[in-house]
Amino acid sequence: MRLIGVFLIFSLIASCDYFNVKKTSSEAILKEELKTFNWNDVDEYPSFSVCDSLIDSKEKQACFSEVLTSHILGFLQHEMIIVTKDVNDTINLEFKLSEQGVLTLVEAKIDSLTMAEIPNLQELISQSLDSLPKIFPASKHGQQVKTAFNLPIIINVE
């Protein structure tokens, strides 16, 4: 009987290690989760309300680019641009979109001949962004995130 009692006490003491639970801090969990993110891809691309009815993400992305391009070109068409030579150029616009949906022109890569003919082109493009419809920012894991993207626009002035 005594042998059984000693065996039970020894078993209880030895088995306590099986009940130890390692505590993991929330910071450690967050660090592990951040390692698995693909920061170059988002779950949902930025969108305008007219693009919300689309389901496919590629279609939404194309709709966003199309709406933005047509808005900028529409704004430029309403401006009185006078040139001495025909301008036919593709400019590359670099944008940054904040988590709040604020679109900012970071850089406009414009050919020197186009800049000579339309020196205020970059300011006109920046002004066109002021009248954009509401933009819904990109999201990643349910959180709104900043995005940066390029948009080529063809300028044709005769």
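Student: Leaving aside its neighbours within four places in sequence, which residues is Thr69 in contact with?

Tutor: This is a predicted model, so everything I say here refers to computed coordinates. Once the neighbours within four places in sequence are left aside, Thr69 is in contact with Leu151 and Ile153.

Student: And where is Thr69 found?

Tutor: Thr69 is found in helix α3, and the side chain of this threonine reaches the backbone oxygen of Ser65 at 2.8 Å.

Student: Is Thr69 buried or exposed, and why?

Tutor: Thr69 counts as buried because its relative accessibility is 18%, and buried means under 20%.

Student: What about the two partners, which way do Leu151 and Ile153 point in β7?

Tutor: The side chains along β7 alternate, and Leu151 and Ile153 belong to the face that also takes Thr147, Phe149, Ile155 and Val157, with these residues being buried.

Student: Which strand is joined to β7, and by how many bridges?

Tutor: Strand β2, residues 87–97, is joined to strand β7, residues 147–157, by eleven bridges, and the two strands run antiparallel. To see the pairing residue by residue, you can look at Ile91, which stands opposite Ile153 in β7, and at Thr90, which stands opposite Ile154 in β7.

Student: What else is β2 joined to?

Tutor: Six bridges join β2 to strand β3, which covers residues 103–109, and this pair also runs antiparallel. Within the pair, Lys96 stands opposite Thr104 in β3.

Student: How many residues lie between the strands in that hairpin of β2 and β3?

Tutor: Five residues lie between the strands in the hairpin, and Gly101 takes a positive phi near 90 degrees there.

Student: Switching to charges now. How many salt bridges does the structure hold?

Tutor: The structure holds two salt bridges. In one of them the side chains of Glu94 and Lys109 meet, at 3.0 Å from N to O. That pair links distant parts of the chain, with Glu94 in strand β2 and Lys109 in strand β3, 15 residues apart.

Student: Which side chains meet in the salt bridge at 4.0 Å?

Tutor: There the side chains of Glu44 and Lys60 meet, again with the distance taken from N to O. This pair links distant parts of the chain too, as Glu44 is in the loop between α2 (26–36) and β1 while Lys60 is in helix α3, 16 residues apart.

Student: Is Lys60 buried or exposed?

Tutor: Lys60 is buried, with a relative accessible area of 14%, whereas Glu44 counts as partly exposed at 45% relative accessibility.

Student: What does the disulfide join?

Tutor: The disulfide joins Cys51 to Cys63, with a distance of 2.0 Å from S to S, and the structure holds one disulfide. Cys51 lies in the loop between β1 (47–48) and α3 (57–78) and Cys63 lies in helix α3, so the pair ties together parts that are twelve residues apart in sequence.

Student: Why is the disulfide left-handed?

Tutor: The torsion about the S-S bond of Cys51 and Cys63 is about -80 degrees, which means that the disulfide is left-handed. Cys51 counts as buried at 0% relative accessibility, and Cys63 counts as buried at 14%.

Student: Last topic, the whole chain. How many helices and strands are there in the protein chain?

Tutor: There are five helices and seven strands, and along the sequence they follow the pattern α-α-β-α-β-β-α-α-β-β-β-β. Buried residues make up 32% of the 158 residues. Among the contacts with a separation of 6 or more, 71% are between residues 24 or more positions apart.

Student: And what does the accessible surface come to?

Tutor: The accessible surface of the protein chain comes to about 11500 Å², and 57% of that surface belongs to carbon and sulfur atoms.

How values were computed. Residues are numbered from 1 along each chain as its sequence is written. This is a predicted model: local features need pLDDT of at least 70, side-chain atom pairs count only at pLDDT 80 or more; totals for chains, interfaces and linings use all residues. Side-chain values use heavy atoms; hydrogens and water are left out. Two strands pair if DSSP finds at least two bridges between them. Helices (H or I, at least four residues) and strands (E, at least two) are DSSP runs, numbered from the N terminus. Buried means under 20% relative accessible area, exposed over 50%, partly exposed in between (1.4 Å probe, protein chains only). Contact means heavy atoms within 4.5 Å. Accessible areas come from the Shrake-Rupley method with a 1.4 Å probe; for residues, only the protein chains shown count as cover. A disulfide is a pair of cysteine sulfur atoms within 2.5 Å. A polar contact is a pair of N or O atoms within 3.5 Å; within protein, one must be able to donate a hydrogen and the other to accept it, and residues adjacent in sequence count only if both atoms are side-chain atoms.
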